[in-house]
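Me: I have this model open and want a quick tour. Start with a side chain, then go to the cores and the ligand.

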Amino acid sequence: MKIGIIGAGKIGATAARRFIDAGYDVALSNSRGPQSLEPLVAELGPRAQAMTVADAARWAEVVLLAVPWRLPDALPPADAVAGKIVIDAMNPYARDGSVIDFGPSTSSEETQKRLPGARLVKAFNTIWFKHLAERARPDLPVADRHAILVAGDDEFACWRRARRLIRGSRPP
Ligand SMILES: NC(=O)c1ccc[n+]([C@@H]2O[C@H](COP(=O)([O-])OP(=O)(O)OC[C@H]3O[C@@H](n4cnc5c(N)ncnc54)[C@H](OP(=O)(O)O)[C@@H]3O)[C@@H](O)[C@H]2O)c1
């Protein structure tokens with residue numbers, strides 16, 4: 001599976017390592033452009049490449065959003081992710097660190113409005129990047145591993161694809 005990662009900071013780069021360890025190919029992107037990601041890509045090895053945000057989203061089968069929620073310009077173009085599973089790892093913090101109150105809505109519902117064709121799934125937002133880095137234990141039985149919570153209203157995206165991807169088993 002090809003996974004496009006939007007945002008290559010703490011959570012994006014850590015998820016990239018985990019995905020590569022599970023046998024997936026990743027394309028990383030950030031605000032400064034592919035050249036700035038060369039050292040990270042060299043460290044991650046041949047399954048990793050650097051692209052622009054739009055190219056990573058177009059290349060990917062599954063897209064991970066790992067940018068600050070308060071920067072909607074960081075999102076990929078809506079047409080690049082239409083019909084694709086988009087995993088939203090973003091927590092809605094304002095610049096001052098407070099949590100944005102959406103009233104009856106949620107941060108992912110607001111992101112879904114910006115990416116209307118995407119099959120949005122919330123995941124990776126409740127795990128600290130260091131725990132994601134250090135506590136992946138593929139040697140343990142699945143029931144004994146740390147859980148990544150997966151939430152959404154698209155049954156296929158949540159249960160058939162995102163969960164399999166997170167467990168690290170290969171797609172059919
Ligand atoms: N840190 C955690 O443990 C953790 C855990 C769960 C969820 N999250 C969520 O994950 C998201 C990222 O957090 P983080 O801690 O990984 O942040 P971070 O280390 O600051 O990384 C943010 C990334 O977003 C990129 N970015 C910023 N503006 C952009 C733009 N306009 N276009 C493209 N890329 C842009 C940055 O690229 P440049 O460096 O080139 O600007 C950087 O690669 C947040 O929504 C956070 O709530 C974080």
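Notes on the model

Me: Which backbone oxygen lies 3.0 Å from a polar atom of the Ser-29 side chain?

Reply: The backbone oxygen of Ile-5. A polar contact here is a pair of N or O atoms within 3.5 Å; within protein, one must be able to donate a hydrogen and the other to accept it, and residues adjacent in sequence count only if both atoms are side-chain atoms.

Me: What should I know about the model itself?

Reply: It is predicted: local features need pLDDT of at least 70, side-chain atom pairs count only at pLDDT 80 or more, and totals for chains, interfaces and linings use all residues. Numbering runs from 1 along each chain as its sequence is written, and side-chain values use heavy atoms, with hydrogens and water left out.

Me: Back to Ser-29. Buried or exposed?

Reply: Buried, because its relative accessibility is 0%. Buried means under 20% relative accessible area, exposed over 50%, partly exposed in between (1.4 Å probe, protein chains only). Ser-29 is in strand β2. Strands (E, at least two residues) and helices (H or I, at least four) are DSSP runs, numbered from the N terminus.

Me: Which residues does Ser-29 touch?

Reply: Leaving out residues up to four places away in sequence, its contacts include Ile-5, Gly-7, Ala-8, Leu-37 and Met-51. Contact means heavy atoms within 4.5 Å.

Me: Ala-8 again. Which residues come nearest to the ligand?

Reply: Ala-8, Ser-31, Arg-32, Val-67 and Phe-129, out of 24 residues around it. To count as near, a residue needs a heavy atom within 4 Å.

Me: What is the largest nonpolar core made of?

Reply: It has 35 residues, and Phe-19, Val-26, Leu-28, Leu-64 and Phe-124 have the most contacts inside it. A nonpolar core is a set of buried Ala, Val, Leu, Ile, Met, Phe, Trp, Tyr and Cys residues joined through side-chain atoms within 4.5 Å. Elements giving two or more residues include β1 (2–6), α1 (10–21) and β2 (25–29). Helix α1 gives the most, six residues.

Me: Where is Phe-124 in the chain?

Reply: In the loop between β6 and α6 (129–134). Phe-124 counts as buried because its relative accessible area is 6%. Its phi is near 70°, a positive value in a residue other than glycine. Most residues other than glycine have a negative phi.

Me: Last one: Arg-119. Which side chain does its own make a polar contact with?

Reply: That of Asp-154, at 2.7 Å. Arg-119 is in strand β6 (residues 119–122). At 29% relative accessibility, it is partly exposed.
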